Amino acid sequence: MTGADFMLASTAGNAALISFALYMVVVFVLAGLANREQSGKSFLNEYFLGSRNLGMWAFAFTYAATSASGGSFMGFPSLIYTHGWVMALWIAGYIIVPLVAIGLIAKRLNQVARKSGSITVPELLRKRLGSDTVGAVATVLLVFFQFFFLLAQFKAGAKIMTTLLGDVEVYQTAVAMVGRFTAPIPWVGAAEADYLLCLLVFAASVVAYTAWGGFRAVVWTDMMQGVIMGLGVVILLGLALTQVGGLSNATQELSRQVPPRDGNATLVRTESASSLVLVKGTWLEMPPEENRQPFVRLKEAVEFLEGQTELSGVPVIEVRTSLENATELKSIRAQVKDVGVSAQAVDVEGYQYGDDKPGVYVSAPGPKSSSGMGFLPIMLAVSFFCFWPFAGAAQPSYMARQMAFKDIPTLRHSIIFVALYFSLIYFPLIIIFTCGRVLLPGWEIDADRVMPEMATFLTSTAGVPWLAGLLVAAPFAAVMSSVDSFLLLVSGSVVRDVYQRKNPKASEAQMKKVTYWTTVGVGALAMFAMLNPPQFLQDLIVFGSGGLGASFLMPVILTLYWPGLTPRATVAGMLSGGGTMAVFYLIGYLVHDKFSAYELLSLHPFIWSVLVSALVMLAASKGSRPTDPKLVEKYFGNVGNEEGKA
Amino acid sequence: MSKVWGDGCLKQRFLFARTPRKANCLRVSEPSTRPDTGASYRQSKRELFVMIAAWAVTGLWVLGYNSQAAYAAETETPVRMLFGLPRWTVIGWLLPLLVANAFTIWFCLRFMRDEPMEDLPEDE
């Protein structure tokens with residue numbers, strides 16, 4: 001790193017630290033104010049639903065911010081970067097998500113929740129169907145699948161912080177201390193010290209403000225986080241388009257790109273008087289080919305000891321840039337340093353789909369390293385078009401918000417706002433990170449970090465490194481706004497549906513104590529589970545949200561819209577939906593030897609799970625004990641029992 | 001007598017949104033004071049069917065068009081562009097997005113009905 005580079009990185013790091021510190025101060029001030037609001041109100045109703053009084057801005061922002069999670073700002077950019085424009089087709093269901101995911105159940109859910117006085121989804125199902133078994137099964141499934149979702153967010157939060165604070169001196173000293181302290185501890189010591197420290201700080205802060213301020217704090221911080229996310233995307237888009245030389249140039253260069261190849265190389269050093277460390281991400285230029293210029297990039301740091309001239313079996317990727325791609329070539333060559341090392345005996349393997357195939361990043365099915373069918377065969381595209389709106393409708397964390405808006409005009413205006421907000425977030429994200437392939441090539445070595453790296457790169461190049469703090473705060477805000485909601489949801493279920501059921505006469509002071517400690521306990525458990533996280537964030541997120549969708553979509557829709565639904569059918573529907581999803585992932589694990597879904601007939605397991613759930617519910621409703629007619633009349637009015645019999 | 005959502009109301013809402021309303025139709029943004037659970041349930045169900053239909057139409061457009069255009073784009077040299085984007089993303093993604101947003105605005109402002117909110121149980 002040159003002196004100028006160091007200054008730039010240092011300025012960006014300090015700016016990031018200041019932005020981050022300011023951001024956290026505001027979050028805790030909001031939590032404190034929310035805590036003061038709790039006095040004089042029913043604790044559980046206020047703590048978990050904000051007294052059901054959300055207005056348009058609060059409801060819309062909290063919904064949008066919770067929905068735009070770490071997946072949207074970390075996993076999604078990583079996938080765009082890895083697979084290109086096909087991600088537009090992957091996320092196409094979002095075109096109609098605001099209308100379907102909110103509109104499908106929000107109105108009925110809010111009405112039924114108010115009528116029954118429910119605070120959580122399991123409680124609503126239990127009261128509507130008059131069955132404790134329904135409530136218990138719903139609680140178990142909710143906590144299980146939501147916990148996976150929570151895990152993914154913890155990993156994302158820690159990853160963002162490592163990038164955000166990477167160059168800060170105080171932080172580096174703390175990392176060294178944590179490394180020394182944790183190294184001898186089994187399992188904990190296996191985690192990287194920087195990740196460990198960030199995970200600890202992230203978990204402690206988010207658990208503290210969530211436990212302190214409850215739902216109202218979550219909603220208020222969501223509003224702030226929603227604004228930051230929107231601003232961050234708009235600024236990133238402007239910077240990316242300016243620096244890439246316009247949209248047409250980005251698309252043309254992208255169309256000439258071919259996927260990188262993965263493997264090993266032997267590094268040879270011409271001079272060996274002293275030791276030499278090559279950091280992860282170091283570029284080495286190779287001899288040119290006919291139409292392409294190959295480069296090798298290190299996937300991890302290596303060290304030549306004094307007197308050592310050769311290192312073999314070094315993990316690398318080979319990036320073969322088209323000679324016509326001026327922006328991409330310029331970007332890589334700006335990072336190539338003459339360190340007296342060359343790569344020889346490069347032994348690399350191409351993607352199973354897309355290797356040496358220009359055009360693969362601007363078309364479907366998109367490149368994929370592990371499958372000859374490409375990233376998104378058409379049947380999988382159909383699956384995701386169903387998945388996003390309907391799995392979105394069935395997420396209990398969104399349902400909690402849908403129970404909390406104050407009236408229907410709030411709902412109507414919020415759907416419009418979320419539709420416009422999502423359009424301004426997701427489409428620009430695809431443009432930004434396809435530009436990222438041109439401006440920052442070779443980040444396949446750690447694709448999950450591409451968002452914060454892109455923010456740092458764009459602002460540094462534009463001469464405004466202090467802006468990196470704000471931009472990196474956007475995905476951080478997204479992660480935090482999801483984590484706080486999920487934490488509250490899980491602790492709400494445990495407190496309301498388990499503890500209060502067992503201790504109906506518990507005093508408000510006891511309930512408060514149990515609520516705070518449950519929130520802390522769930523957060524601590526998630527943090528511990530994420531000490532050694534799996535590689536791909538998006539796989540965990542899709543499993544978590546898919547499992548929730550599969551378990552709750554049909555049961556909740558039929559609970560709200562079908563008077564003839566029986567308690568036994570509801571239990572059967574939840575178990576068969578969630579169980580089918582888990583079985584498909586288990587088969588996927590056995591077949592692929594990693595945590596991923598088995599896609600029967602190229603359809604996502606969510607589709608099969610919902611179909612199984614629906615069929616099982618219809619079959620189980622025949623002949624099982626009907627719901628109490630008084631309950632049917634209470635929730636469906638005078639038409640309920642007529643329709644139920646029909 | 002409680003107000004109801006009859007076929008006449010539906011037709012009026014679809015086709016004659018700016019004409020005077022029938023006397024027995026609830027007005028948007030003016031919830032009556034007393035909830036009618038049955039009427040509210042039926043109206044919510046109508047809205048549900050319209051939303052599912054909108055999803056299906058969007059799916060037919062996006063997936064139908066892109067099943068040809070997006071998968072054929074791989075062999076196009078040079079890439080076919082519109083407004084600097086791959087052509088299939090504009091016709092098969094951006095355009096349906098704009099239409100879906102317009103529909104959403106219409107649905108929320110013109111079709112979705114306001115309902116009086118249920119009272120909370122006394123123990124709340």
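1. Over which residues of chain A does pLDDT stay under 50? In this predicted model, the stretch is residues 1-10 of chain A, for which the model has five contacts beyond four places in sequence. Here pLDDT is the predictor's confidence in each residue, from 0 to 100, and two residues are in contact if their C-beta atoms, placed from the backbone, lie within 7 Å.

2. On conventions, residues are numbered from 1 along each chain as its sequence is written, while chains are lettered from A and ligands numbered from 1 in the order in which they are written. As the model is predicted, local features need pLDDT of at least 70 and side-chain atom pairs count only at pLDDT 80 or more, whereas totals for chains, interfaces and linings use all residues.

3. Chain A has a mean pLDDT of 85, with 93% of its residues at 70 or more. Within chain A, confidence is lowest in helix 24 (residues 640-645), with a mean of 59, and highest in helix 5 (residues 86-90), at 95. Helices (H or I, at least four residues) and strands (E, at least two) are DSSP runs, numbered from the N terminus.

4. Chain A contains an open sheet of five strands in the order 3-4-6-1-7, with antiparallel pairing. Strand 3 (283-285) and strand 7 (341-349) of chain A stand at the edges with a single partner strand each, so one side of each lacks a neighbour in the sheet. The twist averages 40° from one strand to the next. Two strands pair if DSSP finds at least two bridges between them.

5. The pairings can be followed across the sheet. Strand 3 of chain A is joined to strand 4 (residues 292-298) of chain A by three bridges, and W283(A) has R297(A) as its bridge partner in strand 4. Seven bridges link strand 4 to strand 6 of chain A, with E318(A) of strand 6 as the bridge partner of V296(A). Strand 1 (residues 261-269) of chain A pairs with strand 6 over seven bridges; I317(A) in strand 6 is the bridge partner of D262(A).

6. Helix 13 (residues 326-335) of chain A lies across strand 3, strand 4 and strand 6 (310-322) of chain A, and runs at about 155° to strand 6. Axes are lines fitted to C-alpha atoms, for helices over the stretch in contact, and angles run from 0 to 180 degrees between N-to-C directions.

7. Most residues other than glycine have a negative phi, and most peptide bonds are trans. A345(A), in strand 7 of chain A, has a positive phi near 45°. The peptide bond joining A364(A) and P365(A) is cis, with omega about 10°; P365(A) is placed in the loop between strand 7 and helix 14 of chain A.

8. The contact between the chains takes 53 residues from chain B and 51 residues from chain A. Helix 2 of chain B gives the largest share of the chain B side, 20 residues.

9. Helix 14 (residues 378-393) of chain A and helix 2 of chain B have axes that come within 11 Å and cross at roughly 150°. That makes the two helices roughly antiparallel (angles over 145 degrees).

Notes
Parallel < 35°, antiparallel > 145°, perpendicular 65-115°, else oblique.
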